[in-house]
Amino acid sequence: MSTQVHANLTASQVEQISEDLGEPEWLLETRKEALAALDDLDMPDVIRTPGRTWTNLDALDYESLVDPLDYAQDKDRVDAEGVEVLSWSEALDEHEDLVKEHFGTVVDTQRDYLTALSTALFSAGTVVYVPEGVDAEDVKIRTTMNSQSLFNYTLVVAEESSSVTILERQQTGEETDGDRYYSGVVEAVAGENAYVQYGALQNLSEKTYNFSAKRGHADTYATVNWIEGNIGSRLTKSSVETRLLGDSSESQILGAFFGHEDQHFDIASRVWHEAEHTVADLVTRGVLDDEARSVYEGVQDVGREAWDTSSYQRENTLMLSDESEADASPKLIINNHDTEASHSATVGQVDAEDMFYMTSRGVNPEAAKNMLVEGFFVPVLEEVQVDELREDLDQLIYERLRE
Amino acid sequence: MSSDQDHLKETDTEARFEFKKEEKAAFETEKGLTEETVRVISEDKDEPEWMLERRLRALEQFQEMPMPEGWPGAPDLSEVDIDHIVPYIRPDIETRGGADSWEDLPEEIQDTFDKLGIPEAEKNALSGVGAQYESEIVYQNMQERWEEKGVIFCDMDKAVQEHEDLVKEHFMTKCVPPSDNKFAALHGAVWSGGSFVYVPEDTTVEMPVQAYFRMNSEGMGQFEHTLIIAEDNSEVHYIEGCSAPKYSAFNLHSGGVEVFVGEDAHVQYSTVQNWSKNTYNLNTKRAIVEADGTMEWVSGSMGSKATMLYPATILKGPGATDNHITIAFAGEGQDIDTGAKVYHNAPDTKSTIESKSISKDGGRTNYRGLVHISDGAEDSSTSVECDALMFDNESTSDTMPYMEIQESKVDVAHEATVGKIGDEDVFYLQSRGLDDDDAKQMIVAGFIEPITEELPIEYAVELNRLIELEMEGSLG
C-alpha cells in the first residue's frame, strides 16, 4: 500500500482549496472521493525486472514535501484569437457545463495514488477552450512555482474542426528550504477533425520531485501531438499518452531529456489504437551525464478492431558518463494483424569516428562533443513546430553542455 | 473442421507425436507434493545425503515463493495446481540409468521411440542419444570414440552416483539456484532424469548429442535436469526434443538446464519443443560463459498450452559471446511467452538475439527479454531483433524487451516489427501458380529460415513439417 500522507492532509484543507476557487459542489465531491481513495491506491506502476526496480517511488517522503494550503505561483497566460485561456475560477464561472462534461474523463481521477493526490489538492491550472471551427495560434502558459509544493491541472477542449497549439513551461521561482513537489495533470479532448499540439518544457529546480500525467483522446480525423521536454527536477515520473478513439486519428509523441548529476527521469510514451486507419509515431531522444539515470517505457497497443494501423516508435539514448544508467522497455501489444508496427531503441556514446573526424579538422574535443550532442537532438528538435519551445529547449541543452 | 482433423490424423508427423501408450509404471508417487514425496523419490534413486538435503531446501523455497503472476501479460497459470500432479513415475524397466541397446527395452517403450524416429536419427547424425520416458532415462548410448576421449554423456541420476564431485559442485549451485523462481525451486525438489554431459579440454564432439523427452502418462509432471560442462577449448552441440500425447488433464514440464562454457569453448543448445497442448512448459535454462567462450541457444517452441521460457546467459569472462535464436508458433489456445536474458558482466562481450514469432487462430506469442550491461563491461555490444507475423485479429503478438545499460562504452540496439503476411507476396506466389495455402506456408517457411538454417538438416525438416501441420490445421 502507499505512503501515508494523511498526517497533515485533511478534508477541511480540501474544502478550503475548493472554497478559495469558488468551486461547485460536484467538483468538491470529486476531490473528497479522491482523498478518501488514497488509502487504497498504489503508487503509479514502475518497471521491475528480476531483482531490480527501475524507479523507487516508495522512498519519497510526501509528508515533508506537501503543504496543501500553500500554493504560491506566478502564472502567465498568453491567449490567441478565438480561444479562451482561463483560470479554474474563470472557467467554472463561464463554462461550468463544459468543464463538468470533460473533467476526469481522460485521466482517471483515481488512476493511482499520485493522480488522486493531484485531484484532491489541485489549486492551480488552466482551462483552454477552443470553440468549433476556431483555428488558433500559439497559446502559452508559463507556471513558476514559488511554494514548496504545487498541484497543477490543465484541461484542453478542442471542438470539432478547431486547432490549437499550446506551449506550457514549468519552472521554479523563489528558493525554498528542502525538497519540493510539483504535480501536473493534463487532459486533452480533441473533437472530430480537431488538432491539438501540446508542448511542455519542464525546467524545475533540481530539488523538485515532479509527477506528470498527460493524456489525450482523439476523435475521428483528430490529431493529438505531444512534445515533452525534461531538463529540470530531481526526479521526474512522467507519462504522455494518447487514445486514438476515432477512425483515421493520429498522434505523435516527441520526447527529449538531458539528465546530469543525480537526476532520475522515468518517462513513458503510450498510445492505444482503438479505431481503424490510425497512425502513431513515438520519438524520444535523451542524453545522460554524470550519475543521471533514465527509465523509458514506450507502449504501442493495437486493439482487436484497429484495422489498418500504422505505429512506429524510436528511442535513442546517448551516455556521456560511465556512471550514468539508461534503462529502456519499448513494448508492442498487437491484437490485429492488419498492422504495420515497429520499434527500435539504441543506447551508446558519442560516436568515436565522428569525434575523430571533428578533432582531425581542428575542433577541440570538448567543443566537438558538444556539437555532436546538440546534433543528436536535431531529429527531435526539427519536428517541434512551436518556435519558442524549440528555441528554449535548444538553449537549455546548450547551457547544460557548458555548465 | 472434422475433415481437417481426419486429414491431420493421416499425416505422418501428427501420428508420430499423438499416439498414446498404456501407462505402465514400476513405481509412481502419490499426486501432490510433500516432504514425504521428496524423500521417497530420493530414496528410490538411492541418492547421497547432500542431494536429499538440496531437494528439501528447494521444497521449502518452493512453498515460500509466489507464482510468477505479477508480470505484465504473464500467461494464465491458475490451472497449475501442484497437488494434482504426479511428480515422479519410474517406468517398468530393468536397467537403471538407461539401457544401451534399444532391444533391451520393453516393447511399448521401444515402439514409442521408434515412432518418434530416434533410433534412426542416432544411426545417421548423432554422436550419442539419451531417451527419457516419464521420469527416467530409459536409453543412453554414445559412440565409443567419444568415450575414449573422456567425453561423458549419461543419465543425470547415474552422474550423481558416478561423478559425484562434479555434480555436487555444479548442480543448482552457481548457475540456476532453486531460489531463482518458483518453478526452479519445484524442479530442485522433485527433479528426475535428464542428461549429464562432460567434454574434456581441447575436445570437439563433432556430431550433436541428443536427448529426447517423452511424457506418456496423464496428469504427470516431468522435471528432468540437464547439466553440461564444456571445459576450456572444447566444443559440443546438444539437442533436446520433447513431446507428449494430449490428455484432458494438464501436464507440467519444468526442466532445468545448466551449462558451463569454459574458456574458448563453444556450446550450442538446440530445442525443438512440441509438447501437447495441455502441457504447461515452465523451464529454467541458464549458461555461464568464461573468457572468449561462446554459447548458442536455438529454440523452437511449437507445442504446449502455455510456455514461459527465457534461456539466460551470463557472459562472465572478457570476450565471451552469446547468440540466441528463437522461434515461437502459437495456434488456438496457446500462449507462448518466451525470450532471452543476457547479462554482460565483463568487457568485450557480445550478444545477439534473434526472435521470430507467428500467431494465429487466437494464439498469443510474446517476446519477453532482458539485456543487462553492467558497469565496467566496456566495449560490449548487443543487438536484439524481434519479428512477428500475425494471421488474424483474434491472435495476439506482444513484444516486451527490457534493457538495463550501466556502461557508456557500448553499442546497444533493439529492433522489432510486427505485421501480417504481405498481400503482395501472396499475390506474387499465386500468380506463379501456387494456391493460397501453399503460398502462405512458403512465406512462413521463408520467415523462419534464419532459424532453421542453424539446425541440423533433420531438425530443420522436422520444424518445417510441424509448421506445415499447424498451418494446415486452419488453412486447409
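This is a predicted model: local features need pLDDT of at least 70, side-chain atom pairs count only at pLDDT 80 or more; totals for chains, interfaces and linings use all residues.
Chain A contains nine helices and 20 strands. Its radius of gyration is 21 Å, close to the 22 Å that the globule rule gives for 403 residues, so chain A is as compact as a globular protein of that length. Along the principal axes, the C-alpha atoms of chain A occupy a box of roughly 70 × 50 × 45 Å. Of the 403 residues in chain A, 53% are buried. When contacts in chain A between residues at least 6 apart in sequence are considered, 84% of them join residues at least 24 apart.

An unreviewed UniProt entry assigns residues 145-376 of chain A to the feature "domain: SUF system FeS cluster assembly SufBD core". Over this stretch the chain is 61% strand and 9% helix, and the C-alpha atoms at its ends lie 31 Å apart.

The two chains meet through 33 residues of chain A and 32 residues of chain B. On the side of chain B that touches chain A, β24 (396-405) and β25 (410-420) each supply at least two residues. The largest share of that side, eleven residues, comes from β25(B). By residue class, the side of chain B that touches chain A comprises 13 nonpolar, ten polar and nine charged residues.

Strand pairing also links the chains. Strand β19 of chain A (residues 325-334) pairs with β24(B) in the antiparallel sense, over six bridges. A:Ile333 stands opposite B:Asp398, a residue in β24(B).

Technical notes:
Residues are numbered from 1 along each chain as its sequence is written. Chains are lettered from A and ligands numbered from 1 in the order in which they are written. UniProt positions are given in the numbering used here, feature names are shortened, and annotations may be inferred rather than shown by experiment. Helices (H or I, at least four residues) and strands (E, at least two) are DSSP runs, numbered from the N terminus. Two residues are in contact if their C-beta atoms, placed from the backbone, lie within 7 Å. Ala, Val, Leu, Ile, Met, Phe, Trp, Tyr, Cys and Pro count as nonpolar, Asp, Glu, Lys and Arg as charged, and the others, Gly among them, as polar. Two strands pair if DSSP finds at least two bridges between them. The radius of gyration is taken over C-alpha atoms; the globule rule is 2.2 Å times the number of residues to the power 0.38. A residue is buried if 20 or more other C-beta atoms lie within 10 Å of its own, exposed if 12 or fewer, and partly exposed in between; C-beta atoms are placed from the backbone.
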